[in-house]
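Load the model in your viewer and keep the sequence panel open. Each stop below gives a selection and what to look for.

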Amino acid sequence: MASSNTLQVWRNARLSPRADPAEVIENAAIVVRDGRIEWFGAEAEMPPAYTDAVRHDLQQRIVTPGLVDCHTHLVYAGNRAEEFAMRLEGASYEDIAKRGGGIVSTVRNTRAASEDELFAQSLRRLDALLAEGVTALEIKSGYGLDLATERKMLRVARRLAKTRPVTISTTFLGAHALPPEYADRADDYIDHVCNEMLPTLAAEGLVDAVDVFCERIAFTLEQAERVFGAASKLNLPVKMHAEQLSLMGGAALAAKHHALSADHLEFLDEAGAMAMREAGTVAVLLPGAFYFIREKQLPPTDLLRRHDVPIALATDSNPGTSPSTSLLLMLNMGCTLFRLSVAEVLAGVTRHGAKALGHADVTGEIKLGAKADFVAWDIVTLAELAYWTGLERCALVVRHGAVTVDKRKIA
C-alpha cells in the first residue's frame, strides 16, 4: 500500500474534485506530497517536475473526495431490535417505555458496558462506514447522561480514531435526554451538564463540539441557550438537534450562536432558514431517521434552496431511530424521500458535510493544499452512487495520501 510521505501521482482517473456530476476531468491525475494535494488536473497538463514520482494507475475509475458522515451516534452498547419488532406488532412508545425500553435501555446498556466492550461494538459499525468510502465522521456522546459514561463514550471515540485511518470529531451531547435520576428536574440536570460535565470533559481534551436536543420531549430553548453559553466560555463550537418533531425556534437559536449545523429540521420555518443562511449554519438532513420512524413531515428542501442554506446528509447512525451504517444508502434516501438531486446529495456528504463537521483537516473537496482524502469508485457515472442500494461500488480509499481500503482485486 502507498505511503503518505512519498511523492505520488495517482493517474488515469475520471476526477470530480467537488463530487459534482457537472465537473468531471477526464484522464486526470492527482499529485500528493506528504499527505496533501500538490497538484491535480488533466494528466497531459501535469508539470514535468513530477515525472519521477511514484505512480498509481486508477484505471479510469471515477474519483471523488472522501465521504463525510457529519452526524452519528456511533458509540453505544446493545441494540433495540426487539423494540422495533414490538412496534411492528402495535406497541406504542409508552408501552415500550413501561417495559424499560427506549433511550433509557440504551443508557442502561451503555453505562453497564466496559470501555473495551463499547469499543468492540462501535468498531464494527465504524468499519462498515469506512468500507463505503467514509474518511471523516462525527461521533456524539449522549447515551451516558452521567459524567463517567459520557467520558467513556468520548474516550472510545478518540480510541477509534487512533485504531482506524479516519478523522473523527467528537461532540458532547450530554443534553440528549433526561436521565432517570433527574426525573422532573430538567433544570438541575442542565446545571450539571453546564457546570460539571462539559468543563471536565473539555479539560480532558475529549470534546470538539457541543450539541443539544431542543424539542418538547427533550430540552427547552432556554435550557439549550444555557448549554450554548457554557460551550462559548470554553471556545467550543455548537450544533443542535432542531425542529424534528415540532417548530420550537431551535434553528434560529442555533444560528444566533453561529452553530456549525442544525440537524433534522422537518418543521423548519422561513425565519429559521434565513437565520441559518445569515450565520452560515449548515442544514443536516437525516433521511434514515425519517424513514425508520415513519415521519410524515418532509424537511422543507425548497425553502433551504431558496435561501441558499447548504444542505448536508448524514446517517444519524443510532440504535433507536436510524440503525444504519451506510452513508451511500442515505444518498438514495435523500433523492427518493427528500427529492434532492444527485448533485445535492453528493455535495451533502462531501463539502457541505465537511462544513458541518467543522474540522480543519476536512474540506470535502480535492483542492490544492488539502489533505489527500479521496475515493475511486467502480461506477460509470456519479449518479450510480445514489442509484444502487447494496451493490459494492467503493474500489479504493486514500486518506492523507495512504491507501486505507483496497478492493480493486475483487472488483
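This is a predicted model: local features need pLDDT of at least 70, side-chain atom pairs count only at pLDDT 80 or more; totals for chains, interfaces and linings use all residues.

Numbering starts from 1 along each chain as its sequence is written, and side-chain values use heavy atoms, with hydrogens and water left out.

**Stop 1: the whole chain**

Colour by pLDDT (the predictor's confidence in each residue, from 0 to 100). The chain averages 96, and 98% of its residues reach 70 or more. Now select residues 93-98, helix α2: its mean pLDDT of 73 is the lowest among the elements of the chain. Strand β6, residues 67-69, has the highest, at 99.

Switch to cartoon. The chain has 15 helices and 16 strands. These are DSSP runs, numbered from the N terminus: helices are H or I with at least four residues, strands E with at least two. The radius of gyration is 21 Å, close to the 22 Å that the globule rule gives for 411 residues, so the chain is as compact as a globular protein of that length. That radius is taken over C-alpha atoms, and the rule is 2.2 Å times the number of residues to the power 0.38. Draw a box along the principal axes: the C-alpha atoms fill roughly 70 × 45 × 45 Å.

Now the surface. Accessible areas come from the Shrake-Rupley method with a 1.4 Å probe; for residues, only the protein chains shown count as cover. Of the 411 residues, 58% count as buried. Buried means under 20% relative accessible area, exposed over 50%, and partly exposed in between (1.4 Å probe, protein chains only).

**Stop 2: salt bridges**

Side chains of opposite charge can pair when their charged atoms come close. The criterion here is a side-chain nitrogen of Lys or Arg within 4 Å of a carboxyl oxygen of Asp or Glu. A search of the whole structure finds 31 salt bridges.

- Select Glu222 and Arg226. Their side chains meet at 3.7 Å, N to O. Both lie in helix α7 (residues 221-233), four residues apart, about one turn of the helix. Glu222 is partly exposed at 46%, as is Arg226 at 24%.
- Select Arg305 and Glu344. The N to O distance is 2.7 Å. This pair links distant parts of the chain, 39 residues apart: Arg305 is in helix α11 (301-306), Glu344 in helix α13 (342-348). Arg305 is partly exposed at 29%, and Glu344 at 22%.
- Select Asp406 and Arg408. Their closest N and O atoms are 2.9 Å apart. Asp406 is partly exposed at 29%, and Arg408 at 27%.
- Select Arg11, Glu43, Arg55 and Asp57. Salt bridges link these residues in a network.

**Stop 3: a nonpolar patch**

Which residues make the nonpolar surface patch of about 250 Å²? Select Ile217, Leu245 and Ile293. Patches are made of residues with over 30% relative accessible area and no salt bridge; like charges are joined within 9 Å, nonpolar side chains (Val, Leu, Ile, Met, Phe, Trp, Tyr) within 5 Å.

Centre on Leu245. Leu245 sits in the loop between β10 (238-242) and α8 (250-256). Its relative accessible area is 32%, so Leu245 is partly exposed.
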